[in-house]
Amino acid sequence: MDILGQFVENLGTVNVIFAVIFLFSAVVFIHELGHYLVARWCGVGVETFSIGFGPEIFGWTARSGTRWRFAWIPLGGYVKFIDDADAASATGRSESEVPPELRASMFRSKPVWQRAAVVAAGPLANFLLSIVIFAALYGAIGEAQTKPRIDVVTPGSAAAVAGFQPGDVVLAIDGSEVRRFQDFRKVVSLNPGHELAFVIKRGDQVLELKATPDTVVSTRFNKEVQEGRLGIQYRATDEERTYRPVGVPEAVWLGVTKTWELVSDTFGFLARLVTFSSGGGAVGGLVTISKAAGEAASLGLTEYMTFIALISISLGVINLLPIPVLDGGHLMFYAVEAFRGQPLGERTQEIGFKIGLAVILMIMIAVNGPEIYAEIDSWVRSLVAS
């Protein structure tokens, strides 16, 4: 535990709340900053840049005319263009409602490629934040060096049935190179019940084995999570617990590859969730994320910054989903417009946004509802017991 962890542990709940607020504010700010910067580059007038929703706590008006504000509900944010009628950019003002001198800077007057660039900039900014965080951590700490060696095979486990033996070194899984034991453990964990092809080195021999990780259920932050397990262990010696120093260019590249890996994993998880080939236990709502943020902060700065990077990636991926209201929904409409040579009718877009909003609300209720109910129930029970 480092200084941040000790600080959070000593001051308790107040700092957990601060850790949660900072987490959401940071990832939302970067997301909206991406929209803002590209919008300004494309000559779009921005009326409001808001961190949070609801009444304004404080703010200021820049020389560009943009109102920068912080609001009371720190669970989101938005950039409102001069021709937007609402914070979600779902409806727009007519040209007659915009002052003549500002009409050239209307978002809807820009070419479709510029509008698409403005919308895509938000999720891309979240991915860039993750790259910066991981690059900084690799530069400061280095890359962990753990040989993908199997030291213990549990009798009767999936690994034992497949023929793994102590001393085996894993070279590849399903055609992808394995460099560290963490890589091996991650692939196995993400594939419960799915057969995997392993290339291993045993002495001077290179062998191919196939194994299907068992599905086990573990509890993380009061959520049941399904994960794969083969039944093997790696026991690193003190000499093996090392970090390889890396220079700035390599740290940046490692940050890029780590971010891409996590983006791909997130899209893969969502695909398995939609096709019902993966359990939903890994889905966490606001309560779970808040608890995880507090726990990560209590563990130290490295763990907390890593968690921010993970949430930033999740926000970027979710916003790219083709659901109206989200950035991906806007991009879907722009793709149709580019194909047709003209935008969809306002009525069609309005219906799409209403459907998208309904879908988002249902997802929020499905994910957060049980968690919030469980927290209220636990609180009430504690009051009765006392």
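Predicted model: local features only at pLDDT ≥ 70, side-chain atom pairs only at ≥ 80, totals over all residues.
## The whole chain

The secondary structure comes to ten helices and twelve strands. The chain has 386 residues, and 39% of them are buried.

How much of the contact in the chain links residues 24 or more positions apart? Among contacts with a separation of 6 or more, such pairs account for 60%.

Before looking at pairs of helices, here is a handy idea. Two packed helices are described by the angle between their axes and the distance between the axes.

Take helix H3, residues 112-141, and helix H9, residues 327-340: they pack at an angle of about 160°, and their axes are 9 Å apart. That angle makes H3 roughly antiparallel to H9, because angles over 145 degrees count as roughly antiparallel. The crossing of H3 past H9 is left-handed. On the H3 side, the contact is made by Val-112, Arg-115, Ala-116, Val-119, Ala-120 and Pro-123. On the H9 side, the partners are Asp-327, His-330, Leu-331, Tyr-334 and Glu-337. Sorted by class, this contact of H3 with H9 has seven nonpolar, one polar and three charged residues.

## How helix H3 meets helix H8

H3 has another packing partner to look at, helix H8, which covers residues 301-319. The axes of H3 and H8 come within 8 Å and cross at roughly 155°. This makes H3 roughly antiparallel to H8, and the crossing is left-handed.

Which residues of H3 take part in the contact with H8? They are Pro-123, Asn-126, Phe-127, Leu-129, Ser-130, Ile-133, Phe-134, Leu-137 and Ile-141. From H8, the contributors include Thr-302, Met-305, Ile-308, Ala-309, Ser-312 and Leu-315. The contact of H3 with H8 divides into 13 nonpolar residues, seven polar ones and no charged ones.

## The buried side of helix H5

Helix H5 runs over residues 181-189, and in this helix Phe-181, Asp-183, Phe-184 and Val-188 are buried. Why do these residues lie on the same side of H5? They cover an arc of only 160° around the axis, which puts them there. An α-helix has 3.6 residues a turn, so residues three or four places apart point the same way.

Ile-173 is found in strand S5. Is Ile-173 buried or exposed? Its relative accessible area is 4%, so Ile-173 is buried. Leaving aside residues up to four places away in sequence, Ile-173 touches Val-178, Phe-184, Val-187, Leu-196, Ala-197 and Phe-198. One of these, Phe-184, is among the buried residues of H5. Ile-173 and Asp-183 are ten residues apart along the chain, with 9.6 Å between their C-alpha atoms.

Next comes Asp-174, in the loop between strand S5 (169-173) and strand S6 (176-177). Asp-174 has a positive phi of about 50°, although it is not a glycine. With a relative accessible area of 47%, Asp-174 is partly exposed.

Phe-29 sits in helix H2, residues 13-41, and is partly exposed, with a relative accessible area of 30%. Not counting residues up to four places away in sequence, Phe-29 touches Phe-49, Ile-51 and Trp-68. Phe-29 and Tyr-78 are 49 residues apart in sequence, and 8.8 Å apart in space from C-alpha to C-alpha.

Thr-48 counts as buried at 10% relative accessibility, because the cut-off for buried is under 20%.

Finally, Thr-215 is found in strand S9, residues 214-220. Thr-215 is partly exposed, at 44% relative accessible area. Thr-215 and Gln-226 are eleven residues apart along the chain, and their C-alpha atoms are separated by 6.4 Å. Again setting aside residues up to four places away in sequence, Thr-215 touches Pro-192, Gly-193, Gln-226 and Glu-227.

How values were computed
Residues numbered from 1 in each chain as written. Heavy atoms only, no water. Buried < 20%, exposed > 50% of the residue type's maximum accessible area, 1.4 Å probe, protein only. Helix = DSSP H or I, 4+ residues; strand = E, 2+ residues; numbered from the N terminus. Arc of directions from axis to C-beta. Axes fitted to C-alpha atoms, helices over the stretch in contact; angles between N-to-C directions. Parallel < 35°, antiparallel > 145°, perpendicular 65-115°, else oblique. Left-handed = near helix turned anticlockwise from the far one by under 90°. Contact = heavy atoms within 4.5 Å. Nonpolar A, V, L, I, M, F, W, Y, C, P; charged D, E, K, R; others polar.
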